[in-house]
Every structure is written in structure tokens, then in C-alpha cells.
Amino acid sequence: MNLDLVALDDPVGASLGGHHSHLARRVGRAATYLPDVATFVSVSTEPGPAEWDDLARLLGPGGFADMFSCPATPPPDWEPVFTLEGRQMIWAGSTPTGPPSAGPRDEVAELDADSVPEMLGLVARAQPGPFWPRTHELGTYLGVHDGGTLVAMAGERLRPPGWTEISAVCTAPEARGRGYAARLVSALVTRILGRGERPFLHVAEANSGAIALYERLGFVTRKPVTFRGFRTP
């Protein structure tokens, strides 16, 4: 599969300028997602003062600029919010290797807008990372219910050309150890490959358990990344 790896160097900008353009807000060359979809922002490779001003106007005073893996440094009067070391991993397997469904209790189901309250409830308990009321509009989200309660989910987030990011992989504390994460990621890999794209994902460097799982499923590390967030003046 001959895919352009360069698109993965700026997955947010490539998504906002392509597959997710209908979810974008822009001022000049600065861009971000619509409210409650995502807080990721995009600027050019070497933004100048005018472009940072455009992003500040786009976000408003005190607005949150999630720079994701963008290495550009905002002006000194932008307040740092967080820095997190991580890695970008890409699919290198041939076929998904996750465990098959074990029965009705473990059935993987597609989640939709009606599922948002339970998705937000699971996110609050499992803490997989940023997830908002409209995040599900970025792509397909799958979940597993136990006794009518959503106990695990994973979905599609960034969509640079030729690629789909797997994100929001999480399991409720009481349901861990049942193989749900592997089952959901494998189901998403199958969907993504089926439409001629290739899966990738991002993971915190400190999350060694998740890294080991993704490696077992067929992902390899492409490069280290640093996630950063700032507030506008």
C-alpha cells in the first residue's frame, strides 16, 4: 500500500483541510474544529505573528488551543496548559489479530448520536483523553454493552488522506481484562482497511500497557510526538 506518510506529520491540518472540512472553522490560515467536536487547532509549519493573531481571534480571549503534535511555539504571552510525551503508531499488520466475539454479551455495536450520554459517562469513568458531545461526528464509534451499560468503546478521529486514526479506546474499570479493547480496535482496523485506508493512532508514552496491546495487534511506532496545549491571551 503506497501511502503518503507526510500527511501524518500534520494530521490535524490534513484532516481539517480534507475529510473534516465540513467540521472546520477558519480565520486566515488558522483553523480549528467546530465547538464540542474537538479542540485541536492547525497552523502552518512556521506561523508568523499574523497567523498567531488569526488563531487568537478564532478562539477568542482565553480560548484553548490544543496544538496536538504541532511543534510550532506560540507567542510568549500564550499560557501553557499541558505538555504530554507520546508516540504515533501506524498499522503494519496484514489482518486484525484481536480475539473473536465471545457471544452476545461481547457483541460490538455501532454507536450514534443517541449514544452520546452513555459515551460521555464512560469517558468520565475511563479517562481515555479528550471527548466532547459532538466528537462522534468525526467518524464511526463502536461499543460493547454489559447489562445495558456501555462498558467499552473505541472510534475514528483524525482523517488525513489515506489514513484513519483510532481513538477514544477505553474500558470501564469494572470491565477491564475481558479483551474488549483488542476486540474494538480489531473491528475498527477491519473497517478502515476495508475502505482502502490504513489505521494509525496516538498514545501517551507513559501508557505502556496500551502500547504493548497495540504492538500485539499489528501497530508499530512511527515517531515520538509531544502533545501541548495553550490558552490565548
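In this predicted model, strand 9, spanning residues 163-171, and strand 10, spanning residues 198-204, pair in the parallel sense over 4 bridges. Within this pairing, Thr-164 stands opposite Pro-199 of strand 10.

Both strands belong to an open sheet of 8 strands, arranged in the order 4-11-5-10-9-8-7-6, and the pairing across this sheet is mixed. Strand 4 (64-68) and strand 6 (108-111) have a single partner strand each and stand at the edges, so one side of each is left without a neighbour in the sheet. Averaged over the sheet and with direction ignored, neighbouring strands are turned by 30° against each other.

Helix 5, which comprises residues 208-217, lies across strand 5 (79-91), strand 9, strand 10 and strand 11 (219-231), and its direction runs at about 25° to that of strand 5.

The residues of helix 2 that are buried, with under 20% relative accessible area, are Glu-51, Trp-52, Asp-54, Leu-55, Leu-58 and Leu-59. Because these residues cover an arc of only 155° around the axis, they are placed on the same side of helix 2. The face turned away from that buried side carries the exposed residues Pro-49, Ala-50 and Arg-57. Helix 2 is followed by Gly-60, a residue whose phi is positive, near 85°.

How values were computed:
Residues numbered from 1 in each chain as written. Predicted model: local features only at pLDDT ≥ 70, side-chain atom pairs only at ≥ 80, totals over all residues. Heavy atoms only, no water. Pairing = 2+ DSSP bridges. Helix = DSSP H or I, 4+ residues; strand = E, 2+ residues; numbered from the N terminus. Axes fitted to C-alpha atoms, helices over the stretch in contact; angles between N-to-C directions. Contact = heavy atoms within 4.5 Å. Buried < 20%, exposed > 50% of the residue type's maximum accessible area, 1.4 Å probe, protein only. Arc of directions from axis to C-beta.
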